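Welcome! Please take a moment to look over the sequence and the model before reading on.

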Amino acid sequence: MQQLIRSVEWCLIPPPSAARRELWVSSIAMAEPLFKQQLNTSTGQPLIMPPRPGVLEAHGYGALLESFSRELKEKPSDKAWRDVGGIVFEGVMKVAERLRRDAEKCDALKRQLIEVGGFLPSKQLELMNICPSQIEDLPKSLEVEMRRRGFFYLQALTHPAALQSRILMQQAGYQPLPGKEIPLFERFLEQGVACTYEDFGLKPRGALPNDGVQESSSKILAQGCFSWISRNHVGFPTTSNSMPSTNSVEALASLAIMGTFACIPTDGHLVSIESRVRFAQRLREAIDNHPVVLFHKHREHILSNSNTVQQELCSRKDFIVATLKQNPKTVVDEAKALYDVGVRTFRVYDAGSTNQMYEAVALLRQKLPKDITIIVGQVTSVEQARILVELGADAIIVGIGEGGICTTPVVGSLAPDNILVAYELCKAGLGVPVLCDGGVGRAAGVIFAMGASGSMASRRIIGGTLEHSPTLYWVRRNGHLEKPYAGEASGVIKILGGNTTMAGDPYNLEGISSYVRLNEEYPTVASLYSGLLAGFTKVVRFSRAHSLDDLMRRPDASDIKVFSDGARDAAGAHHVQDSVQLVLYGMPVTEYLDNRHLFA
């Protein structure tokens, strides 16, 4: 044991030599049996994460955790601040200016920038009644300041301590969560009550003997805020959605580097497989050339899997997810085209939750190499989920409507029961992670307590940031800088994707188009995500859990309480403000209808 401790301490002294690398790897190998023998004293379940306190934390690993905490609190040195400012200015500002100038002269370049989220399609500008005079730039000094702050947030979230914890969890292997029965949800199921995620909250639990809970939120963030978001991937427990109006190559590159699924859209201007293949190629290039990958201050640090931090971040291309529609006639060819450019994870998306999902998943398993990961949804029942898992699904997505800009419940006269379906899937113990989409809002802690592994979000983790598509400009509206966004089934996206009637009108609308303001508090994806993860660490601390994994594995969740009366709004669209209407003939639809005699 003393030799192990000395080896670990010695290996942490920079610079890491080949000899130190060998000792570091052998140290981890020696420590692995210790990890697997540890039990959670409150549940009796084996711990997947390193023991707390454990060998690495007490003798060397703790130094990394303390450094992680400092990175989030201390102001960077003046030299580091200037260096990153230079990186941002050279790598982003000048390139953006040149690209915009060149795009005005070249339609082909403009199409490329539209595909990667750099420009808004002119048709979208027209449909949302955005005038060229409304398009603005941020002041250069302000954007540089925001981007370099984002650089340091992203560097902190990819600290070696966080990378090492994920590696150890990955090496331990996926252990399916057992079924959980929660009395409160049983009562709601019995009564057939319509409810949303926001109806529920968690009551902080008092300390119990032998809890051994971490008191530091930074430590929980560094080593306990990961979950299995598929049978093959450990990552932060939120994934992006695939709204084409929100996602961009820049935003998805940051998300993938952090360790969360980054979903390539499949609607609107990205409806063709050719455009999505180009998007995937540029996304892979963006990860390799990302400032935090090239200039991470720990980039030469060697991790237990023998990768340097820089190599580990480059490998995050595994977190790129291609969204596929469930059509069995096209799904294999599209998946093969994306596989050929390096995509290994696929989200089979079926908004209508039809039986086509079964055939699509089966075909992907039969026709593509074995190294792919398949995430499938939207799933509406345990029976449907069981069949999909048997056919080869690696994760299940729950959620139809109920989200911030989705009007499916209103259009379809549906009272969404996403949270109860999610609970039934967790209770069934399907053997795969369950991801929740649609209206999770701020109640993410509830889904972890019920046993789900993560939530899907779009506006919540990208909206109003510098990376929010389009990345090259903002819209001045009502005295504020804002960016437009639209639901996947909104009129704007339908028209851009060609899903219209013979008259050119959007067909089968289920979403709205709106705006989101510049997020002055969290102006980049990394800073916004850091704030989100801070909420997750509070869930863990106040629930007296060791980690998110520990919270998900608890046999029951008696601390879940009825929190609010959101059920009355269950059939409405949550968090919707300042929605905008489609424009026909240069005027809002309502105005057009009032004056249609002029166009007779």
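This report looks at one residue, then the cysteines, then the cavities of a predicted model.

Let's start in strand S15, which covers residues 513-517 and includes Val 516. The relative accessible area of Val 516 is 9%, so this residue counts as buried, the cut-off being under 20%.

Which residues does Val 516 touch, leaving aside those up to four places away in sequence? They are Arg 459, Gly 463, Gly 464, His 468, Glu 482, Lys 483 and Tyr 485. Pro 484 is 32 residues from Val 516 along the chain, yet their C-alpha atoms are separated by 6.4 Å.

## Cysteines

How many disulfides does a search of the whole structure find? The count is 0. Cys 436 is therefore in no disulfide: the nearest cysteine sulfur belongs to Cys 426 and is 6.5 Å away, while a disulfide needs the two sulfur atoms within 2.5 Å.

Cys 436 is buried, with 0% relative accessibility. Cys 225 is buried too, at 0%.

## Cavities

The whole structure has 5 cavities of 30 Å³ or more.

Among the residues lining it are Phe 119, His 269, Ile 493 and Pro 484. This lining has 6 nonpolar and 4 polar residues, with no charged ones.

Technical notes: Residues numbered from 1 in each chain as written. Predicted model: local features only at pLDDT ≥ 70, side-chain atom pairs only at ≥ 80, totals over all residues. Heavy atoms only, no water. Helix = DSSP H or I, 4+ residues; strand = E, 2+ residues; numbered from the N terminus. Buried < 20%, exposed > 50% of the residue type's maximum accessible area, 1.4 Å probe, protein only. Contact = heavy atoms within 4.5 Å. 1 Å grid on protein atoms, 1.4 Å probe; cavity = no way out; pocket = protein on both sides within 12 Å on 5 of 7 lines; lining within 4 Å. Points joined across faces, edges and corners; volume = space filled by probe spheres on them. Nonpolar A, V, L, I, M, F, W, Y, C, P; charged D, E, K, R; others polar.
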